[in-house]
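Have the structure open as you read.

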Amino acid sequence: MTFKIHRRQLTAVVAAALALGATASFAQASDKPLRMVLPVGAGSGVDTIMRAATPSLTKALGGQAVVIENLPGAGGITGTGVVVRAAADGQTLGVVSNNHVVNPSVFKKMPFDAINDITPISVVGATPFVLVVNPKLPAKNARELQALLKAKPDGYNYASSGNGTIIHLAGAMFVDAAGVEVRHIPYKGVGPMVADLIGGQVEMGVVAVPAVQGQLKSGALRAIGVMGKTRVPSLPDVPTIAEQGFPDVDVSGWFAVIGPAKMPPAEVKRLHAAIVAAFNMPETRDAMAKQENIINPMTPEASAQFFKTEQERYAKLVKKANIVAE
């Protein structure tokens with residue numbers, strides 16, 4: 001999964017939307033606020049992103065209020081279920097991430113179909129992941145880490161923010177690509193995971209770049225490699241894992257706006273244009289850059305295909321790593 005900033009592309013999309021009369025549709029603001037359901041807790045990455053973008057989205061919607069509602073639980077299933085059951089009138093949307101397409105492979109039963117029971121509005125962008133280790137580990141790069149892990153099978157641990165999460169799968173992706181055996185230690189959230197990485201209770205793990213910027217600068221953690229296909233501007237000297245000889249390692253924390261199934265095409269088009277415009281506004285671009293997010297909104301059609309491809313990709317990894325929800 002590769003996300004790059006294409007400002008010309010964004011500008012072109014916005015210009016096209018304006019040419020189609022999107023400005024007029026934005027001006028017809030609804031009297032009802034737009035309900036934006038986040039299936040994650042307050043303060044999480046997706047929550048921070050959407051709260052930063054909300055003022056711009058309100059402008060793009062012609063002044064319509066946007067109310068964020070956090071409904072965490074069951075790996076995002078709880079909140080997304082609310083979106084799936086909502087009226088398909090464009091007044092209730094949700095923001096999902098990788099776990100949305102991972103869950104069907106991890107959980108034995110799902111209360112909804114992750115592909116057919118939603119309307120993709122846009123896969124908006126992604127937050128880069130980085131593979132980190134406790135600095136006491138002698139490995140300085142991916143090849144050295146691979147050699148260390150191969151020399152002592154099952155002698156080391158890799159942490160995750162929870163069983164079956166995208167952080168878990170990202171770690172499993174490197175383990176699989178490197179052909180090594182490492183014990184998985186799931187935590188209840190990123191905070192406890194990072195604390196034990198720093199403390200040395202676990203040796204390695206994958207985490208979103210913004211969550212460990214301070215620790216990387218202070219030397220409390222060491223970056224082994226970026227998990228996506230492109231380097232991160234704030235970590236210019238940290239190569240990608242792919243660059244280091246593992247071309248199949250490509251994962252980042254993407255986020256997407258969705259609605260219930262069977263939304264009217266005109267409403268999907270209107271909301272997509274508003275999202276593109278909102279994330280292209282200077283204040284939103286600046287906020288996203290500070291958060292290390294890479295913004296490149298996909299069309300509804302491209303987003304729908306992306307969901308299917310990602311679900312198939314993760315299903316293979318879940319099966320190979322024998323990951324089952326606890």
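Arginine 51 has a relative accessible area of 41%, so arginine 51 is partly exposed, whereas aspartate 47 counts as buried at 3% (buried is under 20% relative accessible area, exposed over 50%, partly exposed in between, with a 1.4 Å probe and protein chains only). The two side chains meet in a salt bridge, 2.9 Å from N to O (a side-chain nitrogen of Lys or Arg within 4 Å of a carboxyl oxygen of Asp or Glu). Both sit in helix H3 (residues 45-60), four residues apart, about one turn of the helix.

A quick note on the source: this is a predicted model, where local features need pLDDT of at least 70, side-chain atom pairs count only at pLDDT 80 or more, and totals for chains, interfaces and linings use all residues. Residues are numbered from 1 along each chain as its sequence is written, and side-chain values use heavy atoms, with hydrogens and water left out.

The whole structure has seven salt bridges, among them these:

Glutamate 69 lies in strand S2 (residues 66-70) and arginine 35 in strand S1 (residues 34-38), so their pair ties together parts 34 residues apart in sequence (strands are DSSP E runs of at least two residues, helices H or I runs of at least four, numbered from the N terminus). Glutamate 69 is partly exposed at 27% relative accessibility, and arginine 35 is partly exposed at 29%.
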